[in-house]
Every structure is written in structure tokens, then in C-alpha cells.
Amino acid sequence: MLDNISVIIPVYNQSISLSLTLYGFVNQIKPFNKCKIIVVDDGSTESIKPIVDSYKNLLNINYCSIEKSGRAASRNMGVQYVRDGLIIFNDADRIPRKDFVKKHYESYLNSNYKITIGQVREMYVSDIKNNKHKVLNYYHKEKNDRVPQYCNLVYNLFDNSGTSVTKIPWISTLSGNMSIPYSLFKQLGGFDTNFKEWGFEHFEFGFRAHQNNIPFYYQKDAINVHLAHPRSSSSYEDNIIQSHSYFYQKHNLEIIRYFSDFMLGKITLQEYAKILDPLYPIHNQLPKRYVKITNN
């Protein structure tokens, strides 16, 4: 079983967050604490390999490094170390709950041909380096975290069984907590490496999957906890605009054209869903809420 599961963690700096994330994999339910983990160092200026080496006696962990190329290239590189089975993508600042791998694997066993979206939660602890004890205390008590506002919106695209109920499930493709069969990832051609900075490489990947009629599934019990960090709202908006420009250039469709309006909080989730099909009945049941640009 364990030879059939590979976790890929891209990292650019964030050495302290990575260490906490790897701690979460040590604490996975047995035997899932021994699944294969591949850390891809995307040209970090911080020392990442010593962090990975410190877990070699605790995890089945591998390290590789590339020149700074972006998250899409990093994840694709990690997949080169996989031969078959299930791929789980987990970001370097996402601490997995103890049954995270188990829940993704259960989803894989139910169907070998779908994209599974896990539940992202987040906590904010200032100065993580000097407050690791506080992070771990929150982690073990499963408190002081919440579902981020974007995730809280898009999880409405699925019913209580985790099945997609709309025609835009791809906007839930958040690759910080996502799993996919290796064969399907290869069929789709991986992430588009033309996305270099923070951007929409995960959404574009999900869109291609949706175009190929790949079903999406929301596994609410596959939880990891994002270590939220401050960022500039203006920089966030600039990244959205830049990434969307390439996304729309590649897929010149109306539903892609208006995606940036949704992401920038100009139209609601319900309004965005109706662009594709105004008469699709489930769209009227979606929240009339906007994405809010925040600095976390």
C-alpha cells in the first residue's frame, strides 16, 4: 500500500513551516506515516536540505532541488520520482491532520480516476520561528483554525457526499491539498510551467481536467492547516491579473474571461456560475458572496 502513495511538497524558503509540516506527516495514522514524501526545493536561499535530513529517520523522505522555476515546475519535478499510484500535493506551509493521507487514499480506492480536493483550514501565529510550541499546541488541540474565506465559498460547489453539483468545480482546484492518480496526472500533461510566480497554475490544471470530463470530489475529512502569513493586497491583486492574463490567452473562453472578476471580488460566486449556464438550477443555490481580498 505505502509504495502506492507519494506526497509531493514544493518549497521555496519557508524552512520553519516545512519543518512543522513534516512533523505533521510523522504523526499520520500508521502505516500512513511511512508513505513516500518528495520535497522539491525550488531554488531556496534558506537551507532546506538540513530540514529534510533531520526527518530521514522518521519519514520515507526524498529531497531534490531545481533552479527557481515556480510551483508548477516544482510539482512536475516531484512527479518524476513517482511511478504509479496516488499523488498527494501538500504545500510546505500546510500541516496535515493525523488522518490526512488516509482520507486521500480512501478517496483514491473508491475511484481511481478523479481529482480529490481536501479541506484547507488555516491558523495565524505571528513569528512562527519563535512560537513553534504555540503552533503545535493549536495543531494537536485542533483549535484556533478556520476555513479560509475563498475555500469556504468554493466548497459550496459540492453536496454533502462530496460530489460536484455545478459546472465550475475546477475553481476548487487548490493544489496545496489535492490528490490525483498518477496515470491521470500524466494524461493531463501536468501543470503548465509558463506560470512562474504565485498564480493560477492549479486552476488551469483543474480546468483542463474538467474539459476532459474528469470528476471532482471534495473530501472534507482530508484536512491540512495553512500557516497563514501576511502579504500585500496590492501584490496579490497584481499576481491575479498577471496570471489570469496568461490563463485567458491560453483558453479564450467567456468563463475564463470573467474568472479574474470573481477572484478580485467584482462578481459573486453565484453570478460567476451563471455566466456559464444561467438556467442551470443549482446555480441559484450558490452563495451571493464575493471573494474578499485580504492581506493574510
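Helices (H or I, at least four residues) and strands (E, at least two) are DSSP runs, numbered from the N terminus. This is a predicted model, in which local features need pLDDT of at least 70 and side-chain atom pairs count only at pLDDT 80 or more, while totals for chains, interfaces and linings use all residues. Residues are numbered from 1 along each chain as its sequence is written, and side-chain values use heavy atoms, with hydrogens and water left out.

**First stop: helix H4**

Select residues 100-110, which form helix H4; Leu109 is found there. Is Leu109 buried or exposed? With a relative accessible area of 54%, Leu109 is exposed (exposed means over 50%, buried under 20% and partly exposed in between, with a 1.4 Å probe and protein chains only).

**Second stop: helix H8**

Move to residues 201-211. Nine of the eleven residues of this helix, H8, are buried, so the rest of the structure largely encloses it. Among the buried residues are Phe203, Phe205 and Phe207. Just after H8, select Asn213, which takes a positive phi of about 60°.

**Third stop: aromatic rings**

Rings of Phe, Tyr and Trp (its six-membered ring) pair if their centres lie within 6.5 Å; planes under 30 degrees apart count as stacked, over 60 as edge-to-face and the rest as tilted. By this rule there are 26 aromatic pairs. Select Phe200 and Phe247: their ring centres are 6.4 Å apart and their planes stand at 80°, so this pair is edge-to-face. Phe200 lies in the loop between helix H7 (182-188) and H8, and Phe247 in helix H9 (residues 233-250), so the pair ties together parts that are 47 residues apart in sequence. Phe200 is buried, at 0% relative accessible area, and Phe247 is buried, also at 0%. Both belong to one aromatic cluster, which includes Tyr150, Trp170 and Phe262.

**Fourth stop: the nonpolar cores**

A nonpolar core is a set of buried Ala, Val, Leu, Ile, Met, Phe, Trp, Tyr and Cys residues joined through side-chain atoms within 4.5 Å. The largest has 56 residues, and those with the most contacts inside it include Ile115, Phe259 and Phe262. A second, separate core of 25 residues includes Leu18, Cys35, Tyr55 and Tyr105.

**Last stop: a charge over a ring**

Finally, select Lys114 and Tyr217. The charged end of Lys114 sits over the ring of Tyr217, 4.4 Å from its centre (the rule requires NZ of Lys or CZ of Arg within 6 Å of the ring centre and within 35 degrees of the ring normal).
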